[in-house]
Amino acid sequence: MMHLHIRPFSPDDLEDVVQLSLLAWTPVYRSFEQVLGTKIYSLLFPDGEQAQRSVVEKICLEHEKTLVWVAECDEVITGFIACTLNSQENGQDNTGEVELLAVHPEYQNQGIGTELNHFALEKMKESGIKLAVVATGGDPGHAPARRTYEKAGYTALPNVRYYQAL
């Protein structure tokens, strides 16, 4: 196993994290388009890459609400995780939520996502969090994410969301 180092996100990491997320989530967006069809997909994601960039930038730079860590191997950012403490899930103060998680495609299936999850869960515990939550898709593109969360000990509660183009 490679030497993995997890450290706090720095604003200098932003472009690397954005680029990593664009690469890591490409299969997810392809899966969305296959499942939803082009018409619904284009309504939901009219400017997909720019919207994704904006979400990652916003979450990574909101340090008062969100904690972000990056995983490095040989000084290369290979993944990141962002979580919100006291996310108010179900109206409870002691809940933490994983907002984003991505691993660079060249480093996937090497345990980095699981390590990032374990790291974030430990930080949540240290902060007094009693319940951790994460949401992910049920489509084929999210299968690796589901495996990662299950390996980290999360319990899934299936949820279905329907779309229809009008």
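Begin by selecting Glu 75, which is found in the loop that joins β2 and β3. The model on the screen is a predicted one. Glu 75 has a phi near 65 degrees, a positive value in a residue that is not glycine. Is Glu 75 buried or exposed? Its relative accessible area is 74%, so Glu 75 counts as exposed.

Next, select Asp 74. This residue lies in the loop between β2, residues 66-73, and β3, residues 76-84. Asp 74 is not a glycine either, yet its phi is positive, at about 50 degrees. With a relative accessible area of 70%, Asp 74 is exposed.

Now leave the loop and turn to the aromatic rings. How many aromatic pairs does a search of the whole structure find? The search finds seven. One of them is formed by Tyr 41 and Phe 45; select both residues and display their side chains. A pair of aromatic rings is described by two quantities, the distance of the centres and the angle of the planes. For Tyr 41 and Phe 45, the centres are 5.2 Å apart and the planes are at 45 degrees, and the pair is tilted.

Consider each partner in turn. Tyr 41 has a relative accessibility of 14% and therefore counts as buried, because buried means under 20%. Phe 45, with a relative accessible area of 22%, is partly exposed.

Conventions. Residues are numbered from 1 along each chain as its sequence is written. This is a predicted model: local features need pLDDT of at least 70, side-chain atom pairs count only at pLDDT 80 or more; totals for chains, interfaces and linings use all residues. Side-chain values use heavy atoms; hydrogens and water are left out. Rings of Phe, Tyr and Trp (its six-membered ring) pair if their centres lie within 6.5 Å; planes under 30 degrees apart count as stacked, over 60 as edge-to-face and the rest as tilted. Buried means under 20% relative accessible area, exposed over 50%, partly exposed in between (1.4 Å probe, protein chains only). Helices (H or I, at least four residues) and strands (E, at least two) are DSSP runs, numbered from the N terminus.
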